[in-house]
Amino acid sequence: MPDPGWHLAQLNIATLRAPLDSPQLAGFVEALEPVNALADARPGFVWRLQAEGGDATSIRAFDDDRIIVNLTVWEGVEALEAFVFAGRHLDVLRRRREWFQKMDRAYLVLWWIPAGTIPTLDEAAERLHLLRESGPSPEAFTLQERFPAPGAAIVT
């Protein structure tokens, strides 16, 4: 059960194989709006970074312009997992190698934020850097190696 005092922030990045307006990425671009709408309606969803076009594909937070970002907030890990590994999002996830280059370093990071706050892209980039440099910790972790919200009891 999620801790009402804390929310889960999530950043994942991807390096595009081609420009967003290329035929190679047409399937990804076509899936953006419906998948984002599914996330927005999902139980436990709180917020997602988006530009005026309704997605975050035009937002750049890293030195490489081919890197796109997805920054979201969820009530807890369970809500995020229920979305990520089901339905239309899972279909898109299975096709990621068609659209994105394989990354040899961590590309997804999770961390707890006080409920009611919104993470910044700078904060998200710092959390990803922390994960890459130091490995999973309560400040920056993964779905495979997760940590409870601050002050939460550890359930084994």
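Modeller: S2 and S3 run antiparallel and are joined by three bridges. Across this pair, Arg48 stands opposite Thr72 in S3. H1 packs on the sheet and touches both S2 and S3; the direction of H1 makes about 140 degrees with that of S2. The model is a predicted one.

The S2-S3 pair belongs to an open sheet of four strands, in the order S2-S3-S1-S4, with antiparallel pairing. S2 and strand S4 (108-114) are at the edges, and each has a single partner strand, so one side of each is left without a neighbour in the sheet. On average, neighbouring strands of this sheet are turned by 25 degrees against each other, direction ignored.

The largest pocket holds about 1000 Å³ of space. Two or more residues of its lining come from each of these elements: strand S1 (6-15), strand S2 (45-48), strand S3 (67-74), helix H1 (26-41), helix H2 (77-84), helix H3 (87-94) and helix H4 (96-99). H1, the helix that packs on the sheet, gives the largest share of this lining, six residues.

In total, 42 residues line the largest pocket. Gln10, Asn12, Asn70, His89 and Leu93 are the ones that lie nearest its centre. By class, the lining consists of 25 nonpolar, 10 polar and seven charged residues.

Notes
Residues are numbered from 1 along each chain as its sequence is written. This is a predicted model: local features need pLDDT of at least 70, side-chain atom pairs count only at pLDDT 80 or more; totals for chains, interfaces and linings use all residues. Side-chain values use heavy atoms; hydrogens and water are left out. On a 1 Å grid over the protein atoms alone, a cavity is a set of points where a 1.4 Å probe fits but cannot get out, and a pocket is an open set with protein on both sides within 12 Å along at least five of seven lines; lining residues have an atom within 4 Å of a point. Grid points are joined across faces, edges and corners, and a volume is the space filled by probe spheres set on the points. Ala, Val, Leu, Ile, Met, Phe, Trp, Tyr, Cys and Pro count as nonpolar, Asp, Glu, Lys and Arg as charged, and the others, Gly among them, as polar. Two strands pair if DSSP finds at least two bridges between them. Axes are lines fitted to C-alpha atoms, for helices over the stretch in contact, and angles run from 0 to 180 degrees between N-to-C directions. Contact means heavy atoms within 4.5 Å.
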